[in-house]
Amino acid sequence: MKSPVLFIVIPCYNEQEALPITAKRLVELTDDMIAKALIDPASRIVLVDDGSKDETWRVISELHAGDGRFEGVKLAHNAGHMNALWAGMTLSAERCDCVITIDADLQDDVNAMYGFLEEYGKGADVVYGVRSSRKTDTAFKRTTAQGFYKLMKKLGVEMVYNSADYRLLSRRALEALLSFGEVNMFLRGMVPLLGFRTAEVYYERGERVAGESKYPLKKMIAFAMEGITSLSNKPIRYVLLLGALCALLGVGMAVYVIVSLVHHHTVAGWASMMMSIWLLGGLQLMALGMIGEYVGKIYMETKRRPKFILEEHLK
């Protein structure tokens with residue numbers, strides 16, 4: 001069987017410190033894979049500069065000049081992690097047999113790629129990298145991450161538990177994924193929708209090789225909201241049920257008021273009135289906000305803007 005042409009796609013945002021270390025590890029890895037005939041020598045490492053503000057593009061250009069297996073993709077502006085992945089996969093689709101996506105910080109164990117290729121050789125079109133534990137996370141991050149996966153499952157979104165964007169896609173799986181037309185993307189929920197044969201490879205997640213995390217709490221919350229509203233309409237249904245519950249409570253309150261009037265037990269109830277106003281006002285604002293989130297996504301979809309704008313491609 002012919003060795004597959006593998007493209008490793010890496011989104012980079014302000015990763016000038018991590019890239020030299022990352023590049024060295026990936027060179028050693030791909031050299032070993034080529035020597036063992038696991039991948040074809042035409043395999044490439046695609047570094048996507050997602051509008052970095054530091055010297056990331058200079059580092060990528062130097063890597064490309066020094067080693068032809070490195071390709072550089074420079075986006076015209078910061079398009080976001082999902083769109084940077086999409087750009088790299090789009091530019092790789094016609095030239096590879098399979099693609100692996102991984103973050104530039106190499107917290108995901110690169111040696112798991114051996115397992116990816118083994119499962120691919122057995123016929124899997126999608127191979128997920130799954131964390132065997134979360135012992136390197138803080139208690140807060142571990143709790144919120146596990147809560148997020150459970151919430152997504154409750155909302156009917158198919159996701160692989162404890163997997164992120166470290167995965168292998170065969171060429172046909174990649175082409176199928178790229179046929180999705182939505183602008184608001186959440187790849188962790190989109191890939192399971194493909195329906196091809198899948199496999200999982202477990203690994204231990206480590207620390208960043210260098211630099212700082214690009215996902216503070218604010219971005220993590222936005223990321224979670226993107227996933228929920230991009231893949232499920234159940235929150236809208238829950239808002240409807242909440243409205244129905246409030247209506248039932250209103251009927252109960254009406255009965256209580258009538259009974260109080262009949263028995264002459266009515267007292268000016270400023271506290272209860274204010275509580276009711278604030279409760280109902282808050283629920284209405286929540287409902288409007290949730291509906292607005294979906295309307296905003298429809299608005300963005302109707303614009304049909306490109307997911308990324310390519311400024312330069314070194315190949």
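This is a predicted model: local features need pLDDT of at least 70, side-chain atom pairs count only at pLDDT 80 or more; totals for chains, interfaces and linings use all residues.

Residues are numbered from 1 along each chain as its sequence is written, and side-chain values use heavy atoms, with hydrogens and water left out.

Helices (H or I, at least four residues) and strands (E, at least two) are DSSP runs, numbered from the N terminus. Helix α1 (residues 19-35) packs against helix α2 (residues 56-66) at an angle of about 30°, and their axes are 10 Å apart. Axes here are lines fitted to C-alpha atoms, for helices over the stretch in contact, and angles run from 0 to 180 degrees between N-to-C directions. Helices α1 and α2 are therefore roughly parallel to each other; the classes are roughly parallel under 35 degrees, roughly antiparallel over 145, roughly perpendicular from 65 to 115, and oblique for the rest. The crossing of α1 past α2 is right-handed. On the α1 side, Leu 19, Pro 20 and Ala 23 make the contact, and on the α2 side Thr 56, Val 59, Ile 60 and Leu 63, where contact means heavy atoms within 4.5 Å.

A second contact involves helix α3 (residues 81-92) and helix α6 (residues 171-178), whose axes come within 10 Å and cross at roughly 125°. Helices α3 and α6 are therefore oblique to each other. Trp 86, Met 89 and Thr 90 of α3 meet Leu 174, Leu 177 and Leu 178 of α6.

The whole structure contains two aromatic pairs. Rings of Phe, Tyr and Trp (its six-membered ring) pair if their centres lie within 6.5 Å; planes under 30 degrees apart count as stacked, over 60 as edge-to-face and the rest as tilted. Phe 116 and Tyr 166 form a tilted pair, 4.8 Å centre to centre with 50° between the planes. Phe 116 lies in helix α4 (residues 112-121) and Tyr 166 in strand β6 (residues 163-170), so this pair ties together parts that are 50 residues apart in sequence. Tyr 166 also pairs with Tyr 203 in an edge-to-face arrangement, 5.4 Å centre to centre with 80° between the planes. Tyr 203 belongs to strand β7 (residues 198-203), and the two tyrosines are 37 residues apart. Tyr 166 counts as buried at 1% relative accessibility, and Tyr 203 counts as buried at 5%; buried means under 20% relative accessible area, exposed over 50%, and partly exposed in between (1.4 Å probe, protein chains only).

Technical notes. A crossing is left-handed if the near helix is turned anticlockwise from the far one by less than a right angle, and right-handed if clockwise.
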